[in-house]
Amino acid sequence: MSLLNVTALHKYYGDNHVLKGIDLKVEEGEVVAIIGRSGSGKSTLLRTLNGLESINDGVIEVDGDYIDAARADLRSLRQKVGMVFQQFNLFPHLSVGENIMLAPQVVKKMGRDDAQQLARQMLERVGLGEKFDAFPERLSGGQQQRVAIARALAMSPRVLLCDEITSALDPELVNEVLAVVKQLASEGMTLIMVTHEMRFAREVGDKLVFMHQGKVHEVGDPKQLFAEPQTAELRQFIGSINF
Amino acid sequence: MDFTFWDILRNLLVGLQWTLLLSLVAFACGGVAGLLLLLARISPLQPLRVLARGYIELFQGTPLLMQLFMVFFGIALLGIDVSPWLAAACALTLFTSAFLAEIWRGCVESISHGQWEAAESLAMSRLEVLRHVVLPQAMRIAIAPTVGFSVQVVKGTAVTSIIGFTELTKTGGMLANATFEPFMVYGLVALGYFLLCYPLSLAAYRLERRLNVTA
């Protein structure tokens, strides 16, 4: 049984059919890169996986928790599925340490001392141990995104969703974030990322998902797909990108 | 009977105390009720939202004086004897809560959607997100307009003189009749309101500026 199973997933925005029957399996420890043109539904798909977008048909199952059109199990499912956003979305009124401590304290009822220790560990993990008392606005974009990763990791998720997490960064800050993601991948973290970093997807990804017009158009080993795309659409897409 | 200037001033100060007290009560009770109303107004449950919206529209769309009459005479119709003090406090609380809820709703909605999504992705419930993430940020934004609105509450207490509550305006009216010096007495009454309101306006202005500088 796969860690994450998506079956016959459909999503509409009004009359607009944005996800047209998605099937996807993600194994434990797998790094999945989702690529595609804007409007292909890749971010929407990612956001359905932790219930940020409701779905109209189909089932999402993560380690025994389900989402279907009736939207169940969110509290439990979201503890298993972490998410990092393009815009970081750190809580500006809390220090870096408090950003990470909040959910463990509120959701998991962890004591303050334990949460603090956990937050320090997570910050070490993303190479920001010295920033515990800093406020987010004082950090660079790359540092903020690493804090956001640490914040998600503090809930010990089984899967981490990354929604274009380097797209809002200045070019020189992209690599420090990708390095953290690469390290997580090497530690066996299950990752599903929507990304424009094709080189990264090819090097680090175990599975490449190419979305086109609301469907999984092609899926397979990244190196193979980049070398020999099977469909004209993927060939065209790869051709249109410099990397 | 003759009134010296000091007699007038002393009596007005007593009235001023009642104005101040009524303002504080209305603001405190209105704040609590306003917070509940805010929660209803942004609730995921549609009936609650509709009810809260209706309440807010009603109290924003009718004169405070009519609200006061409704409370004062309405409750009396039920056979319950209400003192002017209680009626005034109730009416001003209703009025204040409607306006504060609407001011605060604007502040809550100005917090970016990404904050909600990030907190919900960490498995926090709607109320937990509000309490730990959204309201603390919204409160900072809300301070200046809230203090600014308190000026309206203070001035609003003047209408309670109509139902016989002896606050500053009512006291002024009685003194004007007794002394035949309405200009001087009402001048002092106005000064009294100004002394209460000006520091509030000033504080609101300063808070607003400080917020704009840091933002």
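**Exercise 1. Which pattern does chain B follow when read along the sequence?**

Solution. Keep in mind as you work that this is a predicted model.
- Step 1: Now write them in sequence order, which gives α-α-α-α-α-α-α-α.
- Step 2: The C-alpha trace of chain B spans about 75 × 50 × 20 Å along its principal axes.
- Step 3: Finish with the contacts. Among those in chain B with a separation of 6 or more, 75% join residues 24 or more positions apart. Of the 215 residues in chain B, 35% are buried.

**Exercise 2. Is A:Asp133 buried or exposed?**

Solution. 
- Step 1: Find the residue. A:Asp133 sits in the loop that links α4 (112-125) to α5 (141-153) in chain A.
- Step 2: Count what surrounds it. A:Asp133 has 9 other C-beta atoms within 10 Å.
- Step 3: Apply the cut-off: a residue with 12 or fewer is exposed. A:Asp133 is therefore exposed.
- Step 4: Look for partners beyond four places in sequence. Here A:Asp133 is in contact with A:Ser95 and A:Gly97. A:Gly97 is 36 residues away along the chain, yet the two C-alpha atoms are separated by 6.1 Å.

**Exercise 3. Explain why α3(A) can be called largely enclosed by the rest of the structure.**

Solution. 
- Step 1: Check the residues of α3(A) one by one. The buried ones include A:Val96, A:Ile100, A:Leu102 and A:Pro104.
- Step 2: Draw the conclusion. Because nine of its 11 residues are buried, α3(A) is largely enclosed by the rest of the structure.
- Step 3: Ask what the buried residues pack against. Their partners are α4 and α5 of chain A, along with α6 (126-156) of chain B.
- Step 4: Turn to the interface, where 18 residues of chain A are in contact with 15 residues of chain B. On the chain A side, α2 (74-80), β6 (81-84) and α3 (96-106) each give two or more residues. That side is made up of 10 nonpolar, six polar and two charged residues.

**Exercise 4. Which strands stand at the edges of the open sheet in chain A?**

Solution. 
- Step 1: Write down the order of the six strands, β6-β7-β8-β3-β9-β10, whose pairing is mixed.
- Step 2: Look at the two ends. β6 and β10 (215-220) each have a single partner strand, so one side of each lacks a neighbour in the sheet.
- Step 3: Note the twist, which averages 20° from one strand to the next.
- Step 4: Inspect one pair. β9 (residues 207-212) and β10(A) are antiparallel, with five bridges, and A:Leu208 stands opposite A:Gly220.

Conventions: Residues are numbered from 1 along each chain as its sequence is written. Chains are lettered from A and ligands numbered from 1 in the order in which they are written. This is a predicted model: local features need pLDDT of at least 70, side-chain atom pairs count only at pLDDT 80 or more; totals for chains, interfaces and linings use all residues. Helices (H or I, at least four residues) and strands (E, at least two) are DSSP runs, numbered from the N terminus. A residue is buried if 20 or more other C-beta atoms lie within 10 Å of its own, exposed if 12 or fewer, and partly exposed in between; C-beta atoms are placed from the backbone. Two residues are in contact if their C-beta atoms, placed from the backbone, lie within 7 Å. Ala, Val, Leu, Ile, Met, Phe, Trp, Tyr, Cys and Pro count as nonpolar, Asp, Glu, Lys and Arg as charged, and the others, Gly among them, as polar. Two strands pair if DSSP finds at least two bridges between them. Axes are lines fitted to C-alpha atoms, for helices over the stretch in contact, and angles run from 0 to 180 degrees between N-to-C directions.
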